Amino acid sequence: MKQPILFKLSVNTIFLIYSALCVIPLLVVLSISLSDEESIFRTGYHILPVDFSFQAYEYILFGSSPILQAYGVTTIATLAGTILHLILSSMLAYGLSRKEVKYRHIVAFLVVFCMLFSGGLVPWYILITKYLHLKNTLFVLFVPYLVSSINVLIMRNFFIGIPDSIIESARIDGSGEFNTFIKMVVPLSTPVFATIGLMTAVFFWNDWFTSALFIEDGRLYSLQYLLQSIMNNIAYLQGTAFGEKMAVTIPSETARMATCIMAVGPIVVAYPLLQRYFVKGLTLGAVKA
């Protein structure tokens, strides 16, 4: 009885230490963002805020940059992009997983080929701007990423593992292919939907490169690109004579940490809520197997 207790105690201790190592840096970042700029240079970094101040958040939220509008743009792009990505990728993957579909091997080869080789950045830019006319539109933030080759292959391999007897029994009962996919395949595929959905949402939320390429209208800036622009503006002001005179009123270190908190905050808050469905999907997959 002692060995299992000691083993569990040691494992729990290791995980507690590892969890602390993961949480402490986030607490330090939060503490710096809520501290006064001068106190950071005077006393250094602390887990608890020193000279509590919202100066960094006031500079970011109430400055000249439309931060709240960028939040809305990124939220819409993340939700729409994730939902449409799951719908299109799963439907393509399901078609590739069915043996009765003609030319599925050719289509699967094209999917793998597109994963390994691409036309490059310049042809992609020309396609988006000259032919699809998506430049300076909200659609450009998520439409180019609605299908991912690697995600299609992951879903295809998962769908192949679903017993054919389940799909055949649905067909015998008169169910159509689309109805079978929605009511039989999708509920059994919760683990792969949860995993790919979470990874896709994080990608859309953290994407700044698309805005840098295709967005010139400040009202359509994504959150990450706008926060990066704010930090570049702060660095530019600090390098000018005017910035040196205003160094006391322009937060630098605290603003950097505030942008980190504002960027990762919604994901950190939403992940525990999504984790419940993620774990439930994994359990369902284990029972099904």
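How many helices and how many strands does the protein chain have? The protein chain has 14 helices and zero strands, where helices (H or I, at least four residues) and strands (E, at least two) are DSSP runs numbered from the N terminus. This is a predicted model, in which local features need pLDDT of at least 70 and side-chain atom pairs count only at pLDDT 80 or more, while totals for chains, interfaces and linings use all residues. Residues are numbered from 1 along each chain as its sequence is written, and side-chain values use heavy atoms, with hydrogens and water left out.

**The chain as a whole**

Of the 289 residues in the protein chain, 35% count as buried; buried means under 20% relative accessible area, exposed over 50%, and partly exposed in between (1.4 Å probe, protein chains only). A contact here means heavy atoms within 4.5 Å. Among contacts in the protein chain with a separation of 6 or more, 71% are between residues 24 or more positions apart.

**Two nonpolar cores**

A nonpolar core is a set of buried Ala, Val, Leu, Ile, Met, Phe, Trp, Tyr and Cys residues joined through side-chain atoms within 4.5 Å. The largest one has 31 residues, and I60, I67, V140 and L227 have the most contacts inside it. Two or more residues of this core come from each of α3 (55-61), α4 (67-97), α10, α12 (223-238) and α14 (253-288). Not counting residues up to four places away in sequence, I67 touches I60, L61, L223, L226, L227 and M262. Another core, of 18 residues, lies apart from the largest one and includes L86, A108, I162 and I196.

A70 is buried, with a relative accessible area of 3%. Leaving aside neighbours within four places in sequence, A70 is in contact with Y221, S222, L223 and L226. A70 and Q224 are 154 residues apart in sequence and 8.5 Å apart in space, C-alpha to C-alpha.

**Helix pairs**

Two packed helices are described by the angle between their axes and the distance between the axes. Axes are lines fitted to C-alpha atoms, for helices over the stretch in contact, and angles run from 0 to 180 degrees between N-to-C directions.

| Helix pair | Axes come within | Crossing angle |
|---|---|---|
| α5 (residues 104-116) and α7 (residues 149-160) | 8 Å | roughly 140° |
| α9 (residues 177-188) and α10 | 5 Å | roughly 70° |

Angles under 35 degrees count as roughly parallel, over 145 as roughly antiparallel, 65 to 115 as roughly perpendicular and the rest as oblique. So α9 is roughly perpendicular to α10, and α5 and α7 are oblique to each other.

R104, V111, V112, C114 and M115 of α5 meet S149, I150, V152, L153 and R156 of α7. In the other pair, V186, P187 and L188 of α9 meet T190, P191 and F193 of α10.

Helix α10 (residues 190-206) has 17 residues and reaches 24 Å from its first C-alpha to its last, close to the 24 Å expected at 1.5 Å a residue; the expected span is 1.5 Å times one less than the number of residues. Buried residues in α10 are P191, V192, F193, I196, G197, T200, A201, F204 and W205.

Finally, S148 lies in the loop between α6 (121-131) and α7. S148 counts as buried because its relative accessibility is 19%. Its neighbours within four places in sequence aside, S148 is in contact with H85 and S89.
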